[in-house]
Amino acid sequence: MDSFDYPAIGQRIKLLRKRKGLNQTELAKLLGKSLRTVQKYETGEIEVSVAVVNQMADILDSTST
């Protein structure tokens, strides 16, 4: 059973992205993902893999835990 709150995770990604001064297109490019994928991460439409979470943590100067 899936117990993750993907919309809440997406809001956290959005907050950290904005604090870093990046727009969605810039984050997508840094991640090697499409703009639409980043949009879906931020709205909680799709699950963010552990590998991508770790990559985002490095880019956004945050922790993945």
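Biologist: How are α1 and α3 oriented to each other?

Modeller: α1 and α3 are oblique to each other. Angles under 35 degrees count as roughly parallel, over 145 as roughly antiparallel, 65 to 115 as roughly perpendicular, and the rest as oblique. The axes of α1 (residues 6-19) and α3 (residues 35-43) cross at roughly 120 degrees and come within 5 Å. Axes are lines fitted to C-alpha atoms, for helices over the stretch in contact, and angles run from 0 to 180 degrees between N-to-C directions.

Biologist: Which residues make the contact?

Modeller: From α1, Tyr6, Pro7, Gly10, Gln11, Ile13, Lys14 and Arg17; from α3, Tyr41, Glu42 and Thr43. Contact means heavy atoms within 4.5 Å.

Biologist: And by class, what does the contact of α1 with α3 have?

Modeller: It has 4 nonpolar, 3 polar and 3 charged residues. Ala, Val, Leu, Ile, Met, Phe, Trp, Tyr, Cys and Pro count as nonpolar, Asp, Glu, Lys and Arg as charged, and the others, Gly among them, as polar.

Biologist: Where does this model come from?

Modeller: This is a predicted model: local features need pLDDT of at least 70, side-chain atom pairs count only at pLDDT 80 or more, and totals for chains, interfaces and linings use all residues. Residues are numbered from 1 along each chain as its sequence is written, and side-chain values use heavy atoms, with hydrogens and water left out.

Biologist: Back to glutamate 42. Buried or exposed?

Modeller: Glutamate 42 is buried, with a relative accessible area of 5%. Buried means under 20%, exposed over 50%, partly exposed in between (1.4 Å probe, protein chains only).

Biologist: What is glutamate 42 in contact with, leaving aside neighbours within four places in sequence?

Modeller: Pro7, Gly10, Gln11, Ile13, Lys14, Arg17 and Gln24.

Biologist: New topic. How many helices and strands are in the chain?

Modeller: The chain has 4 helices and 0 strands. Helices (H or I, at least four residues) and strands (E, at least two) are DSSP runs, numbered from the N terminus.

Biologist: What does the C-alpha trace span along its principal axes?

Modeller: About 35 × 25 × 20 Å. The chain's radius of gyration is 11 Å, which agrees with the value near 11 Å for a compact globule with 65 residues. That radius is taken over C-alpha atoms, and the globule rule is 2.2 Å times the number of residues to the power 0.38.

Biologist: What about aspartate 61? Where does it lie?

Modeller: Aspartate 61 lies in the segment after α4 (50-59). Its phi is positive, about 55 degrees, although it is not a glycine. At 59% relative accessibility, aspartate 61 counts as exposed.
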